[in-house]
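Please open the structure in your viewer and keep the sequence beside it. The tour goes from one selection to the next.

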Amino acid sequence: MSQNHNLKKLNEYQQLLLGFNKRFNLVSKLKTKNLEEDIQDCLELIKLIPQQTKKILDLGSGNGFPGIVIAIIKPSLSIDLAEKQNKKAHFLSIATRTLGLKNTKVIQKNIANNTDERYDLVVARAVATTEKILQMTQKIILPQAKYLLMKGKEQKTQEELVNIKKPYIIHPYRLNTKERCIVEIFNQ
């Protein structure tokens, strides 16, 4: 896929979200002015996706950040968008169908160890603490798998990771004026 095609799809996704938001209030009014920043945030995560990745779980996909953005940029990957809230799962289904994202599937249930699927990468953005995410996915993640968890400030993230026994790396970055980081956790 060309970069122009990706940009067109990302813009189409933003317009879908804004249109759906008028009726279903998925995103706060403040956030609607900043969807471009949310997409940029997801692009930081995409840089860290291992080359050998095949099947991704976007846990608590919400409005599709980062799952739909990954599906647009990396169409060769298989992505399950797990979202238990009705209106958000409905939006995800409409968005994937409208955007022609054949590499995605919406799962509307509490996925916590509640599926026969197995994943080699779990991504999440603002869904739960790191410890809770690890607990919820321990039976559905492959032995060689990784987690890429989008977090805020590095200092707060380090505090959250105090009890995590798995090896991890914190990848800090700036998003405009905001301090952000992605926690890469290794399942070994």
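What follows is a list of selections, with a description of what is there.

This is a predicted model, in which local features need pLDDT of at least 70 and side-chain atom pairs count only at pLDDT 80 or more, while totals for chains, interfaces and linings use all residues. Residues are numbered from 1 along each chain as its sequence is written, and side-chain values use heavy atoms, with hydrogens and water left out.

Begin by selecting Asp-80, which lies in strand E2, residues 78-82; helices (H or I, at least four residues) and strands (E, at least two) are DSSP runs, numbered from the N terminus. Asp-80 counts as buried because its relative accessibility is 1%, where buried means under 20% relative accessible area, exposed over 50% and partly exposed in between, with a 1.4 Å probe and protein chains only. Leaving aside neighbours within four places in sequence, the residues in contact with Asp-80 include Lys-55, Asp-58, Lys-105, Glu-117 and Tyr-119, contact meaning heavy atoms within 4.5 Å.

Next, select helix H6, residues 130-137, whose buried residues are Thr-130, Ile-133, Leu-134, Met-136 and Thr-137. These residues lie on the same side of H6, because they cover an arc of only 165 degrees around the axis, the arc being that of the directions from the helix axis to the C-beta atoms. Among the elements that cover them are strand E1 (55-59), helix H7 (154-160) and strand E7 (178-186).

Move on to E7, where seven of the nine residues are buried, so that this strand is largely enclosed by the rest of the structure. E7 pairs with E5 in the antiparallel sense over six bridges, two strands being paired if DSSP finds at least two bridges between them. Strand E6 (residues 168-175) also runs antiparallel to E7, joined by eight bridges, and His-171 stands opposite Ile-182 in E7. E6 and E7 form a hairpin with two residues between them, and Asn-176 in the turn has a positive phi of about 55 degrees.

Finally, how many disulfides does a search of the whole structure find? The search finds zero, a disulfide being a pair of cysteine sulfur atoms within 2.5 Å. Select Cys-42, for which the nearest cysteine sulfur, that of Cys-181, is 15 Å away.
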